[in-house]
Amino acid sequence: NANSNNNNTSSINKYPAPTYAKPTTENWKHKTSPLPVTSLIHMTAPILTRTSLRSLVMKKWHPSYWMHYGPTQLLIFRSKDHMDDWRYNPYHGINSNWN
């Protein structure tokens with residue numbers, strides 16, 4: 001039994017702890033991303049959504065906003081403020097604003 005415990009701990013320790021980059025001034029500089037192309041925004045409108053498990057169970061609708069972006073993308077936002085922030089704020093990451 002003692003040998004089986006040692007084998008289990010050695011398999012756990014063979015993976016090193018993750019290392020993280022030390023913060024430098026380069027990491028802290030704000031980099032802007034390109035804003036969405038306004039010609040690709042075809043339509044926006046309010047919509048009622050159920051966005052969480054609780055709202056599904058409780059059958060409660062929440063006001064949200066949708067945007068038809070590009071030929072095939074339908075984006076859902078929690079509020080008009082979030083939609084406008086995504087649309088006009090260049091300080092979102094590259095993954096948040098598409099070109």
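This is a short walk through the fold of one protein, from the overall layout to a single residue.

Two notes before the layout. The model is predicted, so local features need pLDDT of at least 70 and side-chain atom pairs count only at pLDDT 80 or more, while totals for chains, interfaces and linings use all residues. Residues are numbered from 1 along each chain as its sequence is written, and side-chain values use heavy atoms, with hydrogens and water left out.

Now the layout. The secondary structure comes to four helices and three strands. Both are DSSP runs numbered from the N terminus: helices are H or I with at least four residues, strands are E with at least two. Along the sequence the pattern reads α-α-β-α-β-β-α.

On to the sheet. The three strands make an open sheet in the order S1-S2-S3, with antiparallel pairing. Two strands pair if DSSP finds at least two bridges between them. Strand S1 (41-49) and strand S3 (73-77) are the edge strands, each pairing on one side only. On average, and ignoring direction, neighbouring strands are turned by 25° against each other. Axes here are lines fitted to C-alpha atoms, for helices over the stretch in contact, and angles run from 0 to 180 degrees between N-to-C directions.

Helix H4, residues 80-88, packs on this sheet and touches S1, S2 and S3. The direction of H4 makes about 30° with that of S2. Contact means heavy atoms within 4.5 Å.

Next, the pairings. S1 and S2 run antiparallel and are joined by eight bridges; Thr44, for instance, has Met67 in S2 as its bridge partner. S2, residues 62-69, pairs with S3 in the antiparallel sense over five bridges, and His68 is bridged to Leu74 in S3. S2 and S3 form a hairpin with three residues between them, and Gly70 in that turn has a positive phi of about 70°.

Is Ser64 buried or exposed? Ser64 is buried, because its relative accessible area is 4%, and buried means under 20% (exposed is over 50%, partly exposed in between, with a 1.4 Å probe and protein chains only). Leaving aside residues up to four places away in sequence, Ser64 touches Ala45, Pro46, Ile47, Thr49, Phe77 and Arg78.

Last, the totals. Of the 99 residues, 16% count as buried. Among contacts with a separation of 6 or more, 42% are between residues 24 or more positions apart.
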